[in-house]
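Please read the following note with the sequence and the structure open side by side. The points are numbered so that each may be checked in turn.

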Amino acid sequence: MKKDRGDIELAGVCKSFDGVTNVVDGVNLRIADGAYCCFIGPSGCGKTTILRMIAGHEDPTAGEIVIGGQNVVGLAPVQRRTAMMFQSYALFPHLTVRENIAFALRVRGQSKADRLRAADAMIEKVRLTQFADRLPAQLSGGQQQRVALARAAITEPRVLLLDEPLSALDEQLRVQMRQELRRMQQELGITFIHVTHTQIEAIALADLVVVMEQGKIKQAGPARDVYAHPHDRYVAEFMGGQNVLSGRVEKVNGASFVLAQAAPSGIEVPLQARSTVSVGDRVDIAVRRDDVALVRPGRDLPPGCTTSLPSRVLAIEYQGYFVKVMLDTVPDDEFVAYVPEKTFFADPFTVGDVVMATWATGSALPLA
Amino acid sequence: MSAVLADMPETESSKPVAPATTKAIAPSTGGRPWTFYVLATLFAAYVIALYGPMFCIYILSFQDIRGGLVFPMKGHSLHWFVDLFTQARTGDVKGSFDRSIKLAVIVTIITVVVSFLAGLGFRRRFRGDTFVFYMMIGSLVAPGLVLGLGTGLLFQALGLDAAWYTSALGAQLSWTLPFGVLVMFAVMSRFNHVWEEAAYDLGASRWQSIRLVMIPVLAPGLVAVALFGFTLSYDEFARSLQTAGSLNTLPLEIWSMTLNVTSPSLYALGTVTTIVSFIVIGASLGTIVLLQKKRGSRAKG
């Protein structure tokens with residue numbers, strides 16, 4: 001079969017269930033053919049609704065959904081050539097693994113011999129051959145997931161939609177199945193759209209991460225972009241790994257500005273392309289937790305650091321290769337430093353110690 | 001590790017206390033509490049009250065020709081069973097039995113089909129759904145005799161002849177349908193809506209999703225609805241009394257026999273009908289077991 005394009009374009013897509021509030025509110029997005037795209041956001045942010053609209057289980061109230069150049073609004077899933085993997089897998093309890101996987105071919109009227117042969121080939125692909133005659137209830141969570149994946153993939157869809165596929169599994173299996181999903185995506189060479197609320201899952205898998213809040217896209221881009229260069233406070237806090245501080249602009253000098261703080265030095269922030277600030281503005285900035293260095297008071301700051309904020313150590317958590325040090329640097333927000341294990345234990349702090357939190361000026365990021 | 005070792009001596013010093021703890025954990029070997037005997041007696045009384053009357057009938061039906069309607073038992077034979085099917089004076093047992101079985105089968109089929117469709121319909125809320133539901137339950141609350149009488153009168157007013165396959169069928173359905181629908185609701189509540197969605201996603205038409213997913217998954221529940229329909233119809237009396245027309249169903253025949261037959265063949269009839277009931281129940285349960293076994297064996301493959 002000739003492989004069709006599975007690129008997706010969402011144009012002004014809205015969805016309202018009650019006619020008053022939009023669960024999905026004017027979403028525009030382009031997903032390349034063969035991409036692994038993750039939608040991430042808290043529950044109720046509309047990510048699953050978008051997935052179901054692409055799948056053809058819900059119709060958008062407004063806007064267009066284009067797959068491979070064709071507007072698919074109003075078409076059945078089969079006509080869209082999409083397939084969905086449901087959150088709890090929705091395997092048919094009365095059918096064996098083989099019959100579950102062959103179901104789509106059965107309803108298409110394929111002969112028994114043909115469809116079972118095709119199912120067996122797919123079973124081999126997901127390494128379930130020895131379980132082919134079992135019922136779903138006799139399988140582990142990971143095996144059930146592979147059956148669901150095989151069942152969805154057997155019709156050679158151009159887009160595979162996964163609704164929180166890993167949420168039913170325990171931690172260890174989740175990491176393992178994550179790799180399996182990626183492997184299957186590369187093997188099938190089709191577009192995967194994966195909905196999750198776990199940021200680790202999203203950045204581990206996706207070519208394109210889409211962060212959502214209240215029906216709107218907050219930021220969409222490659223995983224590293226979204227993690228290292230969040231647009232705003234929401235994305236920075238949701239993706240994690242960042243300290244978010246806010247303050248009033250004290251002065252602007254050329255390529256940087258200074259944020260007023262209780263501390264003697266203030267915070268110097270490079271003025272990056274996307275933000276224009278003037279004195280008196282209230283601005284949020286982000287500093288990666290692993291960019292923060294802790295220095296005892298009175299010692300020299302590392303080179304390149306102009307900001308140093310006096311802080312008290314609130315708590316210390318050992319995390320293996322790094323140590324998580326929680327500080328009272330800013331009054332209302334959480335401020336955390338991830339100190340490499342070896343650095344920390346060369347001169348360990350204890351709770352209550354006063355330290356100077358500092359970072360290279362270039363690593364502070366102004367937020368929108 | 002060192003902390004654990006440091007604790008060791010303390011554990012040893014507390015050893016003398018250990019036997020007391022062991023005793024508290026060990027299962028009690030003494031007598032049962034008095035409440036056990038009270039509840040056991042109550043249960044025994046309940047079982048006797050439930051099955052005693054039936055067994056009196058069964059036992060008395062096996063008397064010989066000298067047998068009477070009361071204890072003590074006079075001899076033992078199958079005389080009254082033969083009498084039941086040969087003597088004309090005992091009434092039209094065979095005919096009424098035939099009619100009752102046929103009627104029960106028709107009622108069962110209609111009940112299963114209608115209950116299943118109602119189950120499908122009530123999956124989603126619709127305008128007036130509570131009203132429809134209470135209307136349905138209403139016919140359970142209405143006294144059977146009154147409802148039967150009304151049905152008979154209505155047929156008369158419309159100029160239709162009352163017969164077991166028309167008016168009695170209708171009167172019985174007013175009884176079995178609400179029951180069937182209620183059972184179906186319980187069965188339906190365990191059906192995961194996502195299965196249907198998955199079937200649709202995989203390209204199944206509405207009909208294919210019902211035939212290949214819903215019916216097989218719900219099959220044991222549908223058998224239960226059928227069993228309900230059959231047994232409720234087979235021993236229905238109140239609603240059939242005024243609606244069966246000139247030909248009796250079995251319960252009506254038994255009732256009329258109690259008025260004019262004064263031999264143990266009445267009891268023999270009771271025994272035979274009970275056996276039929278057990279065969280039907282056994283067949284239904286057997287079907288459910290078979291359905292599950294079939295899945296199991298295919299699964300073992």
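**Note on the predicted model**

1. Leaving aside neighbours within four places in sequence, A:L160 is in contact with A:A83, A:M85, A:A152, A:A153, A:I190 and A:F192; contact here requires C-beta atoms, placed from the backbone, to lie within 7 Å. The model is predicted: local features need pLDDT of at least 70 and side-chain atom pairs count only at pLDDT 80 or more, while totals for chains, interfaces and linings use all residues. Residues are numbered from 1 along each chain as its sequence is written, and chains are lettered from A and ligands numbered from 1 in the order in which they are written.

2. A:L160 also belongs to the largest nonpolar core, of 107 residues, where A:I54, A:L160, A:L161 and A:V210 touch the most other members. Such a core is a set of buried Ala, Val, Leu, Ile, Met, Phe, Trp, Tyr and Cys residues joined through C-beta atoms within 7 Å. A residue is buried if 20 or more other C-beta atoms lie within 10 Å of its own, exposed if 12 or fewer, and partly exposed in between, with C-beta atoms placed from the backbone.

3. Helix α3 (residues 97-107) of chain A gives the most to this core, with seven residues. Helices (H or I, at least four residues) and strands (E, at least two) are DSSP runs numbered from the N terminus. At least three residues of the core come from each of domain 1 (8-228) and domain 2 (241-366) of chain A; the domain bounds come from an automatic or database domain assignment. Apart from this core lies another, of 28 residues, including B:L173, B:V187, B:A226 and B:L252.

4. Is strand β3 (residues 36-40) of chain A largely enclosed or open? Five of its five residues are buried, so β3(A) is largely enclosed by the rest of the structure. A:Y36, A:C38 and A:I40 lie on one side and A:C37 and A:F39 on the other, and both faces are covered.

5. β3(A) has parallel partners. It pairs with strand β8 (residues 191-196) of chain A over five bridges, in the parallel sense, and A:Y36 has A:F192 as its bridge partner there. It also pairs in the parallel sense with strand β9 (residues 208-213) of chain A, over four bridges, where A:C38 stands opposite A:V209. Two strands pair if DSSP finds at least two bridges between them.

6. A:V66 lies in strand β4 (residues 62-67) of chain A. This residue is partly exposed, because 15 other C-beta atoms lie within 10 Å. Beyond four places in sequence, A:V66 is in contact with A:I8, A:E9, A:A11 and A:N71.

7. For chain A as a whole, there are ten helices and 20 strands. Of its 368 residues, 42% count as buried.

8. The contact between the chains takes 19 residues from chain B and 21 residues from chain A. On the chain B side, α9(B) gives the most, with six residues. By class, that side has ten nonpolar, four polar and five charged residues; Ala, Val, Leu, Ile, Met, Phe, Trp, Tyr, Cys and Pro count as nonpolar, Asp, Glu, Lys and Arg as charged, and the others, Gly among them, as polar.

9. Residues 101-120 of chain B are 100% helix and 0% strand, with end C-alpha atoms 29 Å apart. Over residues 132-158 of chain B, the chain is 89% helix and 0% strand, and the end C-alpha atoms are 26 Å apart.

Notes. Two residues are in contact if their C-beta atoms, placed from the backbone, lie within 7 Å.
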